[in-house]
Amino acid sequence: MLLGSHVGMSGKEMMLGSVKEALSYGANTFMLYTGAPQNTRRKEISELNIPAAQELMKENAITKFVVHAPYIINLANTVSAETYDLAVTFLRKEIERAEAMGSDILVLHPGAHVGAGEDAGIASIVKGLNEVLTPECKVHIALETMAGKGSEIGSKFEELSRIYDGVRWNDKLRICLDTCHLNDSGFDVKSDFEGVLKQFERYFSLNQIACIHLNDSKNDQGAAKDRHENIGFGTIGFDALYGVTRIQEFDNTPIILETPYREIGGSADKLAPYKLEIAMLKDGRFNPNLFD
């Protein structure tokens with residue numbers, strides 16, 4: 001099982017600090033953004049401290065990690081040419097950064113059509129991916145399953161399949177399953193995740209799943225709200241999420257926690273919950289007093 005969480009990347013240590021943070025949680029994989037997910041400010045690749053980070057990964061047998069593209073990339077936007085052009089340009093640079101860091105997985109939110117309609121949005125996503133993907137590309141774009149909030153595209157497997165069908169080099173595409181998003185978009189993650197995978201297999205094979213975001217949800221199934229909750233403390237529940245980590249086909253698939261920071265042990269500030277959640281998932285028993 002490859003189990004980790006989102007980690008930061010900042011300061012002088014940059015990627016080295018990311019690896020150290022992951023190790024402090026007891027993780028053997030991790031996910032990072034190359035900068036703040038809400039903007040395009042990025043350091044040069046030479047400033048990311050990659051060699052030191054890769055050496056620490058090697059010392060601790062970490063062989064896979066995930067890069068997440070920023071939220072501001074919206075390939076589905078046909079309303080604003082400037083937004084679309086920024087998305088294509090920046091996605092191309094994110095692919096370069098991911099490859100330089102040593103990851104072959106770049107998670108991408110497919111985008112939102114902002115009122116232009118699903119067909120127009122999907123066509124725009126396909127156009128953008130065809131602009132950035134080449135036969136030589138070593139990085140796979142993992143399209144994330146979305147919650148269906150607003151005009152988001154990707155809350156249905158059929159929508160992701162249509163993107164695959166339109167992309168020329170679609171061997172460079174993969175899927176990232178997000179358990180909270182699946183729940184919020186209407187899939188029965190809590191009671192029938194096996195059934196969810198069977199629905200997935202109508203369009204894709206399981207080996208197309210490059211990453212799993214393991215999150216509980218604050219919302220009821222089908223709420224289309226996208227509000228993550230800590231493992232076992234939401235509407236999906238611990239048993240279902242633990243079961244996802246034990247599916248044999250996912251043994252070599254990075255499973256990443258993106259759960260909310262919590263007040264832990266009476267702390268005045270909210271802290272990262274990942275060390276506690278990772279330990280609980282490894283143990284296989286839910287602790288309702290985990291954060292007390």
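Trainee: Let's start with Ala22: which helix is Ala22 found in?
Mentor: Happy to start there, and do keep in mind that this model is predicted. Ala22 falls inside the stretch of residues 15-24, and that stretch is helix H1.

Trainee: Is Ala22 buried or exposed?
Mentor: Good thing to check. Buried means under 20% relative accessible area. Ala22 has 1% relative accessibility, so Ala22 counts as buried.

Trainee: Leaving aside neighbours within four places in sequence, which residues is Ala22 in contact with?
Mentor: For this list, contact means heavy atoms within 4.5 Å. With the neighbours within four places left aside, the partners of Ala22 are Val7, Ala27, Thr29 and Phe30.

Trainee: How is the protein built, and what is its radius of gyration?
Mentor: The protein has 9 helices and 12 strands. For 292 residues the globule rule gives 19 Å, and the protein comes close to that, so it is as compact as a globular protein of that length. The radius of gyration itself is 18 Å.

Trainee: Where is Ser155, and is Ser155 buried or exposed?
Mentor: Ser155 sits in the loop between strand S5 (140-144) and helix H5 (157-166). Not counting residues up to four places away in sequence, Ser155 touches Met146, Ala147, Gly148, Ser185 and Phe187. Its relative accessibility is 11%, so Ser155 counts as buried.

Trainee: Moving on to charges, how far apart in helix H7 are Lys198 and Glu194?
Mentor: Their side chains meet in a salt bridge, 3.7 Å from N to O. Lys198 is exposed at 52% relative accessible area, and Glu194 is exposed at 55%. Within helix H7 (residues 193-200) about one helical turn separates the two, because they are 4 residues apart.

Trainee: Which parts does the salt bridge of Lys218 and Glu229 tie together?
Mentor: The side chains of Lys218 and Glu229 meet at 3.1 Å, N to O. Lys218 lies in the loop between strand S8 (216-217) and strand S9 (228-229), while Glu229 is in strand S9, so the pair ties together parts 11 residues apart in sequence. As for cover, Lys218 counts as partly exposed at 38% relative accessibility, whereas Glu229, at 12%, counts as buried.

Methods. Residues are numbered from 1 along each chain as its sequence is written. This is a predicted model: local features need pLDDT of at least 70, side-chain atom pairs count only at pLDDT 80 or more; totals for chains, interfaces and linings use all residues. Side-chain values use heavy atoms; hydrogens and water are left out. The radius of gyration is taken over C-alpha atoms; the globule rule is 2.2 Å times the number of residues to the power 0.38. Buried means under 20% relative accessible area, exposed over 50%, partly exposed in between (1.4 Å probe, protein chains only). A salt bridge is a side-chain nitrogen of Lys or Arg within 4 Å of a carboxyl oxygen of Asp or Glu.
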